[in-house]
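Here's a quick briefing to read with the model open beside you. Have a look at the fold first, then work through the notes by topic.

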Amino acid sequence: KAADSFRHALSCAREGGEVLQQAAALVGLGLVLLEAGKSQADVAIEALKRGQGVLSELLSDVGALETLRVELLSQVMLCARALQIALLQRASPADLTEALSIAIQAQATDTIIAMGEARVLPWDELEDDLDTSPMTWPELQALAVQTACGVLVYSLLDDHGTLAVWAWTAGQPAPSVRVVEMQSVLGSVAGSWSEMLEKLHDPALAVGEPGGGERWNELMRVLYQVLWSPVEDMVGAWPRLLLAPQGALNLMPWGALLDPLGHPLLLKHAFILEPSLQCVPGVLRSLAEAQATHSPLHSSALVVSNPFLMGSSALPGAQDEANAAADALKKLGKNVAEVKEENATFSTVKEHAKGAGWVHLAVPLGW
């Protein structure tokens with residue numbers, strides 16, 4: 001696997017010149033050493049950090065390599081995954097905290113790749129708006145204080161369902177960390193990680209379809225076993241959680257996961273979901289400014305329900321949920337715009353969302 005990654009990196013590097021080839025070689029060397037196990041962790045970390053440095057330099061001057069931007073970012077992600085694995089193998093307290101910092105950088109890079117490929121914003125604007133610099137442990141502790149939350153970070157270490165999960169709360173001297181092999185749990189339950197993702201997006205699992213509700217509930221029980229049970233003791237009874245999953249894990253309906261008694265996680269924890277913790281300080285600043293100036297951002301809200309999707313029926317319970325959310329927001333003094341059914345097009349929702357400080361979506365998963 002490491003050798004294949006190395007060969008792929010070198011083939012891409014030939015298009016980008018000698019400097020990119022140097023970076024790819026360093027990352028590839030780190031991967032090969034990593035496969036040798038814990039005994040080579042020190043040398044692997046050194047090679048990977050050098051490769052990371054060269055990649056960072058290339059990204060800061062990517063104008064001449066515009067066509068290779070996604071490949072460069074992919075190499076950054078590959079390097080970040082390998083560094084996390086090597087640091088977790090070495091496992092000193094400083095290594096574990098550094099691995100967390102790299103995981104958060106990887107989340108930001110992942111977000112840039114996803115939004116760039118979807119053309120949400122031009123690449124240069126994305127890289128300006130999303131900070132990928134390391135976050136220090138005091139900054140991460142401050143997030144727990146500012147949000148009044150326990151913090152949970154999920155990092156994908158490979159494409160087969162190996163996770164590193166960090167958890168901490170205000171005043172904790174160091175984060176707790178655990179590596180979870182999801183495939184080992186899935187092997188005794190149902191299928192592979194990729195099959196779980198496919199099931200999650202299967203239209204036949206819609207609650208309104210015949211038998212769909214029970215199949216959906218079964219999937220939520222499996223995902224609870226895979227994603228939550230291995231780290232449940234790290235979270236305990238924290239009432240509010242700032243949850244930062246990575247990649248495909250952002251698509252998980254975390255609050256709907258069902259425990260062995262059939263209770264959804266939302267009954268135990270209130271979730272704030274962020275694709276990257278790098279986004280949170282900016283959001284907190286914007287909210288503080290809106291509250292201080294009584295701007296429309298603080299007073300306006302948008303509720304979206306049952307958007308029209310070709311070939312699908314109304315989502316059961318969605319309109320009741322939207323009505324309850326709108327009533328609750330109005331009682332808080334918000335000016336609520338309600339958009340539903342055939343009026344809930346992407347362009348209409350996007351336009352309304354620009355000036356909204358609160359948005360509630362009662363829509364199908366993946367909409």
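## The cavity and what surrounds it

β6, α14 (318-331) and β7 each give at least two residues to the lining of the largest cavity. Helices here are DSSP runs of H or I with at least four residues, strands are runs of E with at least two, and both are numbered from the N terminus. Keep in mind that this is a predicted model: local features need pLDDT of at least 70, side-chain atom pairs count only at pLDDT 80 or more, and totals for chains, interfaces and linings use all residues. Residues are numbered from 1 along each chain as its sequence is written, and side-chain values use heavy atoms, with hydrogens and water left out.

**Cavity**

- Searching the whole structure turns up one cavity of 30 Å³ or more. A cavity here is a set of points, on a 1 Å grid over the protein atoms alone, where a 1.4 Å probe fits but cannot get out.
- The largest cavity holds about 30 Å³ of space; the volume is the space filled by probe spheres set on the points, with grid points joined across faces, edges and corners.
- Its lining is made up of V303, S305, Q319, A322, N323, E338, V339 and K340, where a lining residue has an atom within 4 Å of a point.

**The three-stranded sheet**

- β7, β6 and β8 make an open sheet in the order β7-β6-β8, with parallel pairing. Two strands pair if DSSP finds at least two bridges between them.
- β7 (335-340) and β8 (358-362) are the edge strands, each pairing on one side only.
- On average, neighbouring strands of this sheet are turned by 15° against each other, direction ignored. The axes are lines fitted to C-alpha atoms, and angles run from 0 to 180 degrees between N-to-C directions.
- Six bridges link β6 (residues 300-305) and β7 in the parallel sense, and V304 sits opposite V339 in β7.
- N306 is in the loop between β6 and α14. It has a positive phi of about 45° despite not being a glycine.
- Is N306 buried or exposed? N306 counts as buried because its relative accessibility is 10%; the cut-offs are under 20% relative accessible area for buried, over 50% for exposed and partly exposed in between, with a 1.4 Å probe and protein chains only.

**The five-stranded sheet**

- The other open sheet to look at has five strands in the order β3-β2-β1-β4-β5, and its pairing is mixed.
- Its edge strands, β3 (176-181) and β5, each pair on one side only.
- The twist from one strand to the next averages 20°.
- β1 (residues 150-156) and β2 (residues 162-168) run antiparallel and are joined by six bridges. L156 has L163 in β2 as its bridge partner, while V153 is partnered by W166 in β2.
- These two strands form a hairpin with five residues between them, and G161 in the turn has a positive phi of about 95°.
- β1 also pairs with β4 (residues 240-244), this time in the parallel sense over four bridges; G150 has L241 in β4 as its bridge partner.
- How many of the residues of β1 are buried? Seven of its seven residues are, leaving the strand mostly covered.
- G150, L152, Y154 and L156 point one way from β1, V151, V153 and S155 point the other way, and all are buried.
- L273 belongs to β5 (residues 270-273) and counts as partly exposed because its relative accessibility is 43%. Its C-alpha atom lies 9.8 Å from that of L152, although L273 and L152 are 121 residues apart along the chain.

**Helix and loop details**

- In α9 (residues 193-200), W193, M196, L197 and L200 are buried. The buried residues of α9 line one face of the helix, because they fall within an arc of 100° seen down its axis; that arc is taken from the directions from the helix axis to the C-beta atoms.
- An α-helix has 3.6 residues a turn, so residues three or four places apart point the same way.
- A91 lies in the loop between α4 (69-90) and α5 (93-117). A91 is not a glycine, yet it has a positive phi of about 65°, and it is partly exposed with a relative accessible area of 38%.

**Cysteines**

- The disulfide count is zero, a disulfide being a pair of cysteine sulfur atoms within 2.5 Å.
- C149 is buried at 3% relative accessibility, and C279 is buried at 18%.

Key: 1 Å grid on protein atoms, 1.4 Å probe; cavity = no way out; pocket = protein on both sides within 12 Å on 5 of 7 lines; lining within 4 Å.
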